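Have the sequence and the 3D view open as you read.

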Amino acid sequence: MTTNENKFQEIISHAKEYGFVFPSSEIYDGLSAVYDYGPYGSELKKNIRDYWWRWMTQMNENIVGIDAAIFMHPTTWKASGHVDNFSDPMIDNKDSNKRYRVDHIIEGLADTLRSEGKETEADKLLAEMDALLAAEDFAGLKDLIYTRNIKCSVSNTCNWTDVRQFNLMFSTEIGSVAEEADKIYLRPETAQGIFVNFLNVQKTARMKIPFGIAQTGKAFRNEIVARQFIFRMREFEQMEMQFFIRPGTQKEWYEYWKEARLQWHLSLGVKPEKYRYHDHVKLAHYADAALDIEYEFPFGFKEVEGIHSRTDFDLKNHQLYSGKKMQYFDNEINQNYIPYVIETSIGLDRMFLLILSESYAEEKWTKEDGTADSRVVMRIPAKIAPLKLAILPLTKKDGLPDIAKELMNQCKPFFRCFYEEKDTIGKRYRRMDAIGTPYCVTIDHQTKEDQTVTIRYRDSMQQERIPMSQVRELVQANML
Ligand code: GAP
């Protein structure tokens, strides 16, 4: 394993051990590409979501939020192009007539190679498959299946059709009895809930173009390459904003949002060199320009957020399929038109993984007495850290817990605090480092004398004495 692969495995183990992320339904051996968030993970995820939401809807006066349902009328997905265009490759065996996902049968061979101890060959095979999938090289995928002599498990032959597309949307049925049930989809993106509500929002919130509608929520995709922890999941959360503009102004707004969204990322203190833009060559069915904001994960530069110039594709099609007007009257130019749209779309789980990757550090140093020391620390930005402050009485005696609880009561209406009396102070600091708590406050006997406490800063490990009355303000000042 390379150093980066090691680091990634360590992050995954750390995330589980410290209650950030668990495999879904783990007692039944988990469910592929589905994960649950634990006590600190759900706090961190909520804080990232809130930080995005505040930035979008509070800091931009011309953006409002909505919360649309996951289930939508099935025609939505016909109009949006997802029924016809949102697909991945599959292949049929001509002898058994059995259909397979291309990635599944290639992964099956990789599993066999691994069980035979041929790890490197398995990794090479999967890397080759990923590259062909990314390039949508279907002939290449078929060649790979033939050259590796991958056989159908039913007919045991290597007699395959061409590779064809497989739709990524999950479907289910709505209706009480089977005969009446209608097939509906679990939304593969949150954006369509915004488009179908465009006029409801514009009229009720009295918005004038240019304006945006923001939404966060679950999306579902039957992903075929799902091996990188929470990077690619089958159930995940998106934070999307559709910005409605006058036709012809899309280039300047595209540039605006490209820059603005990068600045949002940098506002979390991530080093600029860890980001880059990647322009799309092959455009999605709805876009006339698109780029990814990529971050350098331990497994390389990968997409975190997409900026898409979606033209009037979605609104025009919803108008066509629903027969309802999707137009806006622009009284500045006295014209009716279907607005154009710039979309910013970021995966919340992917942003969470970015924060874990950026924050996780193993540190070693030599103490003054010459002995070695070490810690694992999550340098999570204070404004999104799961816990902001740990309040630690030095001992369980002498009234110190009472003072600590008094401070806890002062602070907990304003931010998440954590109270702990067990173990040595050193051990308690280490536990707080491991979950990324930026401040620890120790209450000791001197507190009883002069109402001061020792505050210890996670990143520098520096400690200083401050009046207890200043603790709340100090923590709050670093939360914005
Ligand atoms: N509405 C446009 C849209 O959905 P996308 O590029 O397919 O565009 C946007 O997805 C973002 O959603 C991605 O940049 C990524 O962060 C996140 N995302 C997409 N598929 C994902 C998956 N399977 N697991 C986790 N996040 C995903």
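Predicted model: local features only at pLDDT ≥ 70, side-chain atom pairs only at ≥ 80, totals over all residues.

Residues are numbered from 1 along each chain as its sequence is written, and side-chain values use heavy atoms, with hydrogens and water left out.

The shell around the ligand holds 21 residues, and Glu189, Met233, Glu240, Glu303 and Val304 come nearest (near means a heavy atom within 4 Å). By class, ten of the shell residues are charged, six nonpolar and five polar, with Gly counted as polar. Strands S10 (235–245), S13 (300–311) and S16 (340–347) each put in at least two residues, and S13 gives the most, with six. Strands here are DSSP E runs of at least two residues, and helices are H or I runs of at least four.

| Residue | Part of residue | Distance |
|---|---|---|
| Arg221 | side chain | 2.8 Å |
| Gly347 | backbone | 2.9 Å |
| Gln238 | side chain | 3.0 Å |

On its own the ligand has 550 Å² of accessible area, and the protein covers 93% of that (Shrake-Rupley method, 1.4 Å probe).

Now for helix H14, residues 425–435: its buried residues include Ile425, Arg428, Tyr429 and Met432, where buried means under 20% relative accessible area. Just past H14, Gly436 has a positive phi of about 85°.

Conventions:
Polar contact = N/O pair within 3.5 Å; in protein donor to acceptor, adjacent residues only side chain to side chain. Buried < 20%, exposed > 50% of the residue type's maximum accessible area, 1.4 Å probe, protein only.
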